[in-house]
Amino acid sequence: TYIGFDDYTKPQLGQILDLMLTERGYTIEPDARQHVMTVISDEKERAQKDFGNGRTVRNIVEKAEKELALRLEGENKLGN
């Protein structure tokens, strides 16, 4: 069985981004948010029918979390 869903709009993907960040306790600067939205738009255009929608946003947030953890670990700022 296959169920098709319409793609989210760019504003909806922005709302998903904001919600995911808020749920994780993060804030994002306006310039950084604009950059992420550009990345999402570029990915949507590149992938076309294989675009992951909310999954793409989640992947970006999770990658940012990983990069943050690696940076903090490198600065010895993670608690043990």
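Q: Hi! Where is K49 found?
A: K49 is found in the loop between α2 and α3. Helices here are DSSP runs of H or I with at least four residues, strands are runs of E with at least two, and both are numbered from the N terminus.

Q: What kind of model is this, and how are residues numbered?
A: This is a predicted model, in which local features need pLDDT of at least 70, side-chain atom pairs count only at pLDDT 80 or more, and totals for chains, interfaces and linings use all residues. Residues are numbered from 1 along each chain as its sequence is written, and side-chain values use heavy atoms, with hydrogens and water left out.

Q: What's the mean pLDDT of the protein?
A: The mean is 89, and 98% of the residues reach 70 or more. (pLDDT is the predictor's confidence in each residue, from 0 to 100.)

Q: And where is confidence lowest and highest?
A: Confidence is lowest in α3, with a mean of 91, and highest in α1, at 95.

Q: Back to K49: buried or exposed?
A: K49 is exposed, at a relative accessible area of 78%. The cut-offs are under 20% for buried and over 50% for exposed, with partly exposed in between, using a 1.4 Å probe and protein chains only.

Q: How far apart are the C-alpha atoms of K49 and D7?
A: They are separated by 9.3 Å, while K49 and D7 are 42 residues apart along the chain.

Q: How does its lining divide by residue type?
A: There are four nonpolar, four polar and five charged residues lining the second largest pocket. (Ala, Val, Leu, Ile, Met, Phe, Trp, Tyr, Cys and Pro count as nonpolar, Asp, Glu, Lys and Arg as charged, and the others, Gly among them, as polar.)

Q: And what about the largest pocket?
A: The largest pocket holds about 300 Å³ of space. Its lining divides into nine nonpolar residues, one polar and two charged. α3 gives the most to this lining, with six residues. Residues lining the largest pocket include L17, L21, V36 and V61, and those four also belong to the largest nonpolar core.

Q: How many residues are in that core?
A: Twelve, including L13, M37 and F51. α1, α2 and α3 each give two or more residues to the core, and the largest share, five residues, comes from α1. (A nonpolar core is a set of buried Ala, Val, Leu, Ile, Met, Phe, Trp, Tyr and Cys residues joined through side-chain atoms within 4.5 Å.)

Q: Switching to T56: what is it in contact with?
A: Leaving aside neighbours within four places in sequence, T56 is in contact with E43 and F51, where contact means heavy atoms within 4.5 Å. T56 is found in helix α3 and is buried, with a relative accessible area of 11%.

Q: Last one: is G25 buried or exposed?
A: G25, in the loop between α1 and α2, is exposed, with a relative accessible area of 63%.

How values were computed. On a 1 Å grid over the protein atoms alone, a cavity is a set of points where a 1.4 Å probe fits but cannot get out, and a pocket is an open set with protein on both sides within 12 Å along at least five of seven lines; lining residues have an atom within 4 Å of a point. Grid points are joined across faces, edges and corners, and a volume is the space filled by probe spheres set on the points.
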